[in-house]
Amino acid sequence: MRHFRDISIRAKITWVIMCSCVLVLTLACGGLFLANMRMLRSNKIDQVKTIAKVIATNVRAPLQFELKDDAEAGLSVLKEQSHVINCVVLDVNGEPFASYTRKQSEPWEPKKLNQKGAQFTDDTVSVTQLVQLDGQILGHIAIRSDRSDEKLLRGRLVQMALLLMVTILGLAYLLAMRMQKIISDPIASLSSVAVRISENKDYSLRAQKLGNDEIGRLVELFNLMLARIQQRDVELANYSNNLESEVEERTFELIQLNKNLVRAKERAEEGTRSKSEFLANMSHEIRTPLNGIIGMTELALDTDLDDEQKEYLEIVDSSAEALLIIINDILDFSKIEAGRMELDLHKFSIHDHVCDTARVLAHSANAKNVRMLCRSEPTIATIVNGDSAKLRQILINLIGNAIKFTDKGSVAVEVERQSEENGIIDLHFMVKDSGIGIAEDQLEAIFSPFIQADGSTTRQYGGTGLGLAISKQLVNLMDGKIWAESKPGSGSTFHFTAKVERASESDGPMDSGSNNPQMEGLPVLVIESDETETRNLDELLRSWKLKPDFVSDLPSLLSKLSEQTQHASNYEVAIVDLDLDSKSCDEFIKTIDEAAGPKPRVITVGGQLRGGELTNKSPLHLFRPFKASELYNLLLQALNQVDEKEDSVVEIEITPPRSDSPKKGRVLVVEDNLINQKLIVSMLHKWGFETFLAENGAIALDMTEADDDFDMILMDLQMPVMGGLDATHELRERGVEIPIVAVTANAMKGDREICIDAGMDDYVSKPIKPEVLREVIGKYFGD
């Protein structure tokens with residue numbers, strides 16, 4: 001193949017034509033030869049079968065009357081068929097009856113009769129024929145014939161095919177030698193011109209165009225290229241005269257530009273530093289009085305207060321905490337930009353730290369009926385050396401976001417060991433939620449400052465957009481990386497890695513103390529439906545050498561209890577997930593109490609207990625998320641391995657709801673923020689109004705359509721689903737004429753006019769001053 005690439009184009013074209021002809025002729029002649037051979041073979045079989053049928057007719061009577069001499073006489077006609085070697089007549093029992101053998105040939109005994117076809121060898125062909133009379137088989141005839149005539153014809157066919165191929169190839173070669181010039185001559189001419197240009201550097205030469213095919217187009221492009229090269233040489237000659245002066249001028253300009261860029265860079269860096277320091281100082285100055293507000297509010301909450309005072313102070317405390325989170329985000333981001341963020345390494349328990357961090361936000365999850373889960377891989381070292389504060393900050397940001405964007409389901413925090421080398425542990429953290437999810441094209445952008453996946457003006461979720469940006473910087477400080485996986489409507493999983501050191505006094509994998517030998521092999525029944533919590537409990541219980549059985553529904557529980565009773569190995573402890581619906585929990589515990597044999601001690605696991613009845617049945621309760629040591633201690637207590645404490649029973653205080661009766665009128669409050677809802681409703685209740693709540697404009701439309709007896713509507717502007725302006729416009733279109741008052745944070749010049757133009761009757765800006773709101777309401781109620 002390499003030699004073929006180096007030969008001339010003429011030779012290549014000739015070779016291609018000849019090889020194509022050889023291939024086609026070979027295939028054609030081969031096909032023709034095979035077809036003729038099949039035909040010869042078929043004719044041979046027909047010839048021998050015809051002879052066999054004639055012989056069968058001749059020997060039919062001798063076979064019937066067992067006249068062997070007559071049969072031998074009947075076979076004598078085969079002497080005229082020179083190609084027949086042997087013929088044997090067999091009676092109905094397969095015994096030889098008469099035979100014929102060609103002169104100078106060996107006798108033949110057919111070993112196997114094949115009535116369906118012929119049997120071929122290299123030199124002979126054998127066929128068999130039944131001898132029948134009126135449907136009765138009298139015997140068989142076997143004939144063997146030579147194939148000398150086939151070989152003769154086959155040789156003649158090969159000679160004819162070779163002669164035909166040689167003749168055609170000769171003609172093809174002569175034709176190829178003449179036709180290849182049509183292609184090779186223009187290419188050879190173009191190659192000759194290229195060689196001359198290469199040797200003489202004369203770009204004024206041009207190749208001759210001999211046709212309008214691809215080669216002709218190639219010649220045109222080649223000539224065009226030569227013209228452009230010639231023009232370029234002229235231009236280069238003109239530029240070369242003043243090139244040196246232009247280079248000096250441009251060099252001077254570049255030097256000046258570089259100096260200007262350096263000065264601009266220095267000014268930008270100085271401005272960035274000043275901005276960061278200003279933000280840091282301002283955030284610090286704001287945080288100082290805000291901490292005082294939070295601290296004094298908490299002190300006031302610890303005093304004797306009535307329900308109304310306590311509710312007001314709780315709103316103040318919640319609002320101050322939200323403001324403090326925003327200020328902390330700004331301060332931390334300013335520190336990162338100013339380059340003053342450093343790690344503070346110290347020893348801590350990674351298992352307890354993750355659980356404690358999740359517990360900080362567990363109350364927020366419980367308030368939304370969202371399950372808060374926490375799992376630490378048992379193989380991670382107990383004590384590590386790292387910056388627990390910054391790790392907590394990352395987790396709080398991620399867990400807080402997960403709870404914020406999750407209305408049902410669960411939020412799970414998991415930590416696993418990715419690798420460990422030379423005492424450095426690479427930890428992998430995951431925060432999973434079942435919330436609204438994030439679009440794929442926004443997964444990278446959400447880690448940028450001031451960016452949120454939800455950026456609409458009527459967005460349902462707030463925040464500064466700094467939490468994930470700060471988390472990314474903190475993860476980088478810990479030699480890790482952060483990323484997210486999510487699909488809209490399918491929840492999100494935020495991952496990050498961080499490197500910590502194994503502390504010298506670390507006692508290895510997580511352990512709640514020395515395993516109790518009496519606990520080994522004891523069966524434990526676990527009623528749990530969540531996959532993450534099931535995996536967590538399975539790892540912990542098996543690490544303490546217990547034997548857990550998991551069920552998730554009532555039929556499975558009944559089956560397990562029946563199986564245990566039959567095998568006389570009753571469960572010692574039953575762990576019940578309290579976050580199942582109350583009916584299922586009651587059925588589970590009732591089924592366990594009614595089971596035959598000794599009753600297992602019940603440990604309930606959940607965010608909070610639901611009422612006193614369940615508390616009395618389950619004095620052993622584990623608040624989720626829980627630590628391994630807490631579960632271990634409750635197991636020992638359940639197995640009577642430790643003394644029960646009086647305060648182990650969790651008492652639930654149920655506060656009866658407060659009821660208000662209408663006095664002056666019915667007011668519909670359209671507001672999406674929970675704190676603002678409580679604030680406005682509290683004011684209206686205090687002034688004697690009956691209040692109704694709608695979380696957005698769409699709900700307000702449905703409520704006014706179902707109940708047209710409202711006396712006033714207090715309408716926020718920015719809300720999810722439908723804002724206040726659109727809702728007001730729709731209400732006026734429907735003919736609703738009751739007063740609508742805007743209560744909004746839009747306090748810029750012209751906002752009042754926008755509300756009035758939309759059909760509203762009045763306007764109150766946030767933050768709401770009670771006297772202002774009461775004065776506006778009084779216009780329409782005469783108070």
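Two strands count as paired here if DSSP finds at least two bridges between them. On that basis, in this predicted model, five strands make up an open, parallel sheet, and reading across it gives the order β14-β13-β15-β16-β17. The edge positions go to β14 (547–551) and β17 (620–623); each has a single partner strand, so one side of each is left without a neighbour in the sheet. On average, and ignoring direction, neighbouring strands are turned by 20 degrees against each other.

Looking at one end of the sheet, β16 (residues 601–606) runs parallel to β17, and four bridges join the two. Val-605 has Leu-622 of β17 as its bridge partner.

Helices pack on this sheet too. Helix α12 (residues 531–543) touches β13 (523–527), β14, β15 (573–577) and β16, and its direction makes about 165 degrees with that of β14. Helix α16 (residues 628–638), for its part, lies across β15, β16 and β17, and runs at about 175 degrees to β17.

Then there are the nonpolar cores. The largest one has 43 residues, and Ile-350, Met-372, Ile-399, Phe-429 and Phe-496 are those with the most contacts inside it. Helix α10 (residues 388–404) is the top contributor to this core, giving seven residues. Leaving aside residues up to four places away in sequence, Ile-399 touches Ala-358, Leu-361, Met-372, Val-413 and Val-431.

How values were computed. Residues numbered from 1 in each chain as written. Predicted model: local features only at pLDDT ≥ 70, side-chain atom pairs only at ≥ 80, totals over all residues. Heavy atoms only, no water. Axes fitted to C-alpha atoms, helices over the stretch in contact; angles between N-to-C directions. Contact = heavy atoms within 4.5 Å. Core = buried A, V, L, I, M, F, W, Y, C linked by side-chain atoms within 4.5 Å. Buried < 20%, exposed > 50% of the residue type's maximum accessible area, 1.4 Å probe, protein only.
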